[in-house]
Amino acid sequence: MPLPNALRSPLYSLLRSGFRLLPLPTAVRDRWRQRFLDRLAGLVPPGPRGQPASADAPLRRPRHHAGGRALGYREHSVVALPDPLPATVVAFYLPQFHPIPENDAWWGEGFTEWHNVTRALPQFEGHVQPRLPGSLGFYDLRLPDAMRRQMQLAREYGIGAFCSYFYWFAGKTLLEQPLRQWLDDPALDLPICLCWANENWSRRWDGRADQVLIAQRHSAQDDLAFIAHVAPYLRDPRYLRVDGKPLLLVYRPGLLPEPRNTAQRWRRWCREHGIGDIHLVYVQSFDNVDPADIGFDAAVAFPPNNITPRPITDRFRLINPDFHGDIHDWRELAAADPPRARFPLYPTVNPGWDNEPRRSGRGRVFMHASPRAYGEWLRRSIAHAGTTQPAGRPPLVFVNAWNEWAEGAVLEPDARLGHAWLHATRAAMLPQAARDTRPCVVIHAWYPEVLGEMLDRLIASKLDWRLIVTTTPDKAEAVLQAMTRARIDGEIVTSENRGRDILPFLRLADRLLDEGVEVVLKLHTKRSVHRQDGETWRRELLDGLLAPQRAQRIFEAFGEDAALGLVAADGHIQPLHYYWGANRHHVEYLAARLGLAQPDVEHDRFIAGSMFWMRLDALRPLFDAHLGIDEFEIEVNQVDGTLAHAIERIFLLAAHHGGYRTETAGQLCGEAPPDDRAFPYARRD
């Protein structure tokens, strides 16, 4: 029985509290919490925010575990880096991952940033919360080995330094222990620089003047006390320098009463005490002035701060009916031109943003971030910095951030994508992969007895194929035998029987893109045993896509026309409303999750049969969504209505979103289009 609207909001509030208000054992509270989360996920949300839902359009019930892996997961790897690196990449670093007495008093005993991280809940469909750590675990920065592992990982993936926030409040420091350990241990050899977070600490986590926990008291005396306190860091030979000058950042110079005078005091003190000149930089978190006007040397961009992207909140179905945050499109940040200024400005790239853990039900969420697009942004920023910063040294490029777990800005390994963000960071500093000019064919062989027929057609096409066959472990030997009989070489990739032919293909996509593959023919050993015409359907698809006179021409067309995204068999581009009823809710969910416009069911179309030629880049919205593996159903002979069936209806929409064109094989080959008789393999709902 559906819960009444009046009960939904209080129940969600109780859920967010983890049922701590109830006098129950922890295990029981956790069980109740999960049951209520599942129940609420099936509700139709009331209220004006988010996409309105109706009784006939219920929420998609989340099936995935917060710690489950997603498509695009990367294991740890070590690869030789260029020497020197093309840039010094500096990642902002948060030291708030250990308890301190002040946080115990303000937030409860044992509080660290992990408490915020683990309490987060998904607020809308497709919202991935909580985001949980991967191989570094829930580390405690009181342990020197935690920072040692962070620094080793950073070096392996090309990070040149950490820029650690420094918390100074009129003579009192907070969270300094990890930095003192760096200072005392020469083995912690990754350079650091300091960024004075010179704002109030407030209960709102935004530095504003209300609900202040500890305040700043800026003064000339405080300026001198601060610079004297950080002097041991500035003197350390490991400290990050620019042209020999220690790099010191200020988060909000606009809060200093007289920033120019502060800068003069610091410079004078450092010269008088043997440090020499310093390189002063302010963060464009809230301020946007010429650094020379305030006595500083440069500024550093700080996306997503100081940016006002358009909200896309109304595209998503709410899980929490009381969600009052905002949703934006991260791709707007990544696609923006590199910042240009009349003054020295260091670029910053951002791997994502979601501060829901700190602002329950009121978070600022940037959807559609992906490691590949982040890496492309970083590569462009490095190239831009190389042309705008002084020659003779690697340019500085910042990343926001290394470990802002409660704000969703993280490079560290996570449970969902592993080392993917670090992999993308390193890839941005390596030469780009050479184009693989061969056509690649990916065949999913659930019926190995049909594979021989398909391999014969590949051979007859006379193309130089790169062959990859996906299957389940129990069928791998039969696949190998079929390939041996056909005398054709290829790669066999096995995985569990989940997600039909779609998930096995999506598992490969990231790797193929990394390897420079551009054009792929996607096939599968289709039999459709629930139909009498399943064998006929497969052969018709193969004739349309792989006939010798067609295969050569289709492949050539991709080389001739960069806007060609997909090529379907004749007669297989069908109205989206075919079999729409069973797939509607999945398709609507996927459109929002991928950042596509909601489909026009009467006019949009899809490629039936899930066999077609593609330019891999045309399907980037699908690959970059990094859907969870356990969002795909285990195969139990479903004939429609699964996530995989819905993705079949998303391919063409994704390509169209990216500006790519879809053609039929007959059109490309100059053959007459098929007649307009009814498509025999589908029906209108």
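1. Ser370 is buried, with a relative accessible area of 1% (buried is under 20% relative accessible area, exposed over 50% and partly exposed in between, using a 1.4 Å probe and protein chains only). You'll find Ser370 in the loop between E15 and helix H10 (371-388). Helices (H or I, at least four residues) and strands (E, at least two) are DSSP runs, numbered from the N terminus. Once neighbours within four places in sequence are set aside, Ser370 touches Trp330, Trp421, Asp624 and His626, where contact means heavy atoms within 4.5 Å.

2. A word on what we're looking at. This is a predicted model, in which local features need pLDDT of at least 70 and side-chain atom pairs count only at pLDDT 80 or more, while totals for chains, interfaces and linings use all residues. Residues are numbered from 1 along each chain as its sequence is written, and side-chain values use heavy atoms, with hydrogens and water left out.

3. Now for the strand that leads into that loop. E15 (residues 364-367) runs parallel to E11 (residues 326-329), and four bridges join them; two strands pair if DSSP finds at least two bridges between them. Ile327 has Val365 of E15 as its bridge partner. E15 also pairs with E14 (residues 353-354), this time antiparallel and over two bridges.

4. Asp223 is another one to check. This residue sits in helix H7 (residues 220-235) and is buried, at a relative accessible area of 2%. Leaving out neighbours within four places in sequence, its contacts are Thr262, Arg265 and Trp266.

5. Have a look at H14 (residues 502-514) too: the helix has a kink of about 30°, centred on Leu508. The bend at a residue is the angle between axes fitted to the seven residues ending there and the seven starting there. Ten of the 13 residues of H14 are buried, so the helix is largely enclosed by the rest of the structure. Leu508 itself is one of the buried residues, which also include Pro504, Phe505 and Asp510. After H14 comes Gly516, with a positive phi near 80°.

6. Finally, the whole protein. There are 21 helices and 27 strands, and 59% of the 685 residues are buried. Of the contacts between residues at least 6 apart in sequence, 76% join residues at least 24 apart. The accessible surface comes to about 27800 Å², 51% of it belonging to carbon and sulfur atoms; areas come from the Shrake-Rupley method with a 1.4 Å probe, and for residues only the protein chains shown count as cover.
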